[in-house]
Amino acid sequence: IGYIRLTTFSQQTTPGLVKEVQNFKKELGDKFQGIVLDLRNNPGGLLSEAISVSDSFLELGEIVSTRGRDGKDSTHHYSRPGDIINGLPLVVLINSGSASASEIVAGALKDHKRAVLVGESTYGKGSVQSIIPLKNEGAIRLTISKYYLPSGKSISEVGVAPDISIEEEESDFRIDTETDNQLNFARKLLAG
């Protein structure tokens, strides 16, 4: 079972993801059973990378859309054919630190029933913001639209709920250690 943790969505996210998947295929061969994609405490990043990561696991369908205040300014982003793990099982770990771009990925994979989400509800940052410079060298951050999942639900202030809720309550909890109940559950889920 492959384990990939994404801590942000930068220009290197998708190339790094593809490289790791290729390594799993090469190292594990026929024993490769699926992937745990860990988006916990990932605050987001580039929308283009969230779309690209989602597209890596989806065959076809909408990934995310944005709608402005008046409903006229909307954009839709779709996946292209080609799942980099050829339909193998995928579990996505999320928590309240998963925000923005990580919520787009989790929500798209959930809505298309491509992944099982395990953990806790995400943060709920589903707004698109623009920074408008001011004459006094300051700036205003203005929300210009909101993100919507393929189901039509807004991420904003609601977040994405896991399919299987598992909370980390121990004070000694650390991601990717023996005390990581969410990751341990995901591995058991994929193992059968």
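Hi everyone, let me start in α2, where E49, A50, I51, V53, S54, D55, S56 and F57 are buried, buried meaning under 20% relative accessible area, exposed over 50% and partly exposed in between, with a 1.4 Å probe and protein chains only. Before going on: this is a predicted model, where local features need pLDDT of at least 70 and side-chain atom pairs count only at pLDDT 80 or more, while totals for chains, interfaces and linings use all residues. Residues are numbered from 1 along each chain as its sequence is written, and side-chain values use heavy atoms, with hydrogens and water left out. Helices (H or I, at least four residues) and strands (E, at least two) are DSSP runs, numbered from the N terminus.

Back to α2. Eight of its eleven residues are buried, so the rest of the structure largely encloses this helix. What covers those buried residues? The cover includes α1, β2 (35-38), β3 (61-68), β4 (74-79), β5 (90-94) and α3 (101-111). Contact, here and throughout, means heavy atoms within 4.5 Å.

Helix α1 (residues 13-28) and helix α2 (residues 47-57) have axes that come within 9 Å and cross at roughly 25 degrees. Those axes are lines fitted to C-alpha atoms, for helices over the stretch in contact, and angles run from 0 to 180 degrees between N-to-C directions. The two helices are therefore roughly parallel to each other; angles under 35 degrees count as that, over 145 as roughly antiparallel, 65 to 115 as roughly perpendicular and the rest as oblique. The crossing of α1 and α2 is right-handed, that is, the near helix is turned clockwise from the far one by less than a right angle, with anticlockwise being left-handed. On the α1 side, T13, T14, P15 and L17 meet E49, S52, V53, S56 and F57 of α2. These contact residues divide into four nonpolar, four polar and one charged. In that scheme Ala, Val, Leu, Ile, Met, Phe, Trp, Tyr, Cys and Pro are nonpolar, Asp, Glu, Lys and Arg are charged, and the others, Gly among them, are polar.

On to α3. Helices α2 and α3 pack at an angle of about 25 degrees, their axes 9 Å apart, which makes α2 roughly parallel to α3. This crossing is right-handed. L47, A50, V53, S54 and F57 of α2 make the contact with A101, I104, V105, A108 and L109 of α3. How do the residues of this contact divide? Into nine nonpolar, one polar and no charged.

Helix α3 is itself largely enclosed by the rest of the structure, because nine of its eleven residues are buried. Its buried residues pack against β2, α2, β3, β5, β6 (116-119) and β8. Just after α3, please look at K113, which takes a positive phi of about 55 degrees.

Y148 sits in strand β8 (residues 139-148) and counts as buried at 16% relative accessibility. Leaving aside neighbours within four places in sequence, Y148 touches V64, S65, R67, K153 and S154.

Where is D180? It lies in the loop between β9 (164-165) and α4 (181-191), and is buried, with a relative accessible area of 0%. The D180 side chain reaches the backbone nitrogen of D176 at 2.8 Å. Setting aside neighbours within four places in sequence, D180 is in contact with R40, E168, F173, R174 and I175. Thanks, everyone!

Terms used
A polar contact is a pair of N or O atoms within 3.5 Å; within protein, one must be able to donate a hydrogen and the other to accept it, and residues adjacent in sequence count only if both atoms are side-chain atoms.
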